[in-house]
Amino acid sequence: MKNKNVRKRLNMSKSLMLLLVMAALVVVFYLINSAYLSADNIRTILTSASLSGTIAVGMGLLIISGQIDLSTGATGMMGGLLAAVLLQTGMPWPLALLSTVLFGCVTGLLISFFVCVLNFISFITTLAFTT
């Protein structure tokens, strides 16, 4: 029982320490540049972090389930490349966006088929999809 309490306090102190470090960084950045806490800057930070955050949530769920996906970066890069090529050819942006999302969905479905239905190892399957 005592061991559980110690672990709980250590986890709580780690979380508290992380929050304190983040607060200290915000103060330091504000002291360096007073515009750091402006609405425009906060919006820019949240916008730029949204893509990474979305990918991190998906990857976190995969890792929790015991799987590994190495194809996220390559699929995202190919999606961006596909969107750029489609827009350069004159395709309207809603159609280019839809095509890019469809590409990502098809890639994910193919990987899911190999991993879930054919029981391939996710590490090997997603590594193969990155090449």
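The model is predicted, and every value reported here is computed from it.

### Overall form

The protein contains five helices and zero strands. Read from the N terminus, its elements follow the order α-α-α-α-α. The radius of gyration is 21 Å, whereas a compact globule of 131 residues would have one near 14 Å. Along the principal axes, the C-alpha atoms occupy a box of roughly 55 × 45 × 20 Å.

Of the 131 residues, 11% count as buried. Among contacts between residues at least 6 apart in sequence, 38% join residues at least 24 apart.

### The largest pocket

The largest pocket holds about 560 Å³ of space. Its lining consists of 22 residues, and those nearest the centre are Met59, Leu62, Asp69, Ser71 and Thr72. Two or more lining residues come from each of helix H2 (39–64), helix H3 (72–88), helix H4 (93–117) and helix H5 (122–129). Helix H4 provides the largest share of the lining, with seven residues. By residue class, the lining of this pocket divides into eight nonpolar, 13 polar and one charged.

| Residue | Relative accessibility | Class |
|---|---|---|
| Thr100 | 16% | buried |
| Leu127 | 40% | partly exposed |
| Asn119 | 63% | exposed |

Thr100 is located in helix H4. Thr100 counts as buried because its relative accessibility of 16% falls under the 20% cut-off. When residues up to four places away in sequence are left aside, Thr100 touches Gly79, Leu82 and Ala83. A further distance concerns Gly76, which stands 24 residues from Thr100 along the chain; the C-alpha atoms of Thr100 and Gly76 are separated by 9.4 Å.

Leu127 belongs to helix H5. With a relative accessibility of 40%, Leu127 lies between the cut-offs of 20% and 50% and therefore counts as partly exposed. Between Leu127 and Asn41 there are 86 residues of separation in sequence, and their C-alpha atoms are 37 Å apart in space.

Asn119 is found in the loop between H4 and H5. Its phi angle is near 60°, a positive value in a residue other than glycine. Asn119 is classed as exposed because its relative accessible area, 63%, is over 50%.

Key: Residues numbered from 1 in each chain as written. Predicted model: local features only at pLDDT ≥ 70, side-chain atom pairs only at ≥ 80, totals over all residues. Heavy atoms only, no water. 1 Å grid on protein atoms, 1.4 Å probe; cavity = no way out; pocket = protein on both sides within 12 Å on 5 of 7 lines; lining within 4 Å. Points joined across faces, edges and corners; volume = space filled by probe spheres on them. Helix = DSSP H or I, 4+ residues; strand = E, 2+ residues; numbered from the N terminus. Nonpolar A, V, L, I, M, F, W, Y, C, P; charged D, E, K, R; others polar. Rg over C-alpha atoms; globule rule 2.2 N^0.38 Å. Buried < 20%, exposed > 50% of the residue type's maximum accessible area, 1.4 Å probe, protein only. Contact = heavy atoms within 4.5 Å.
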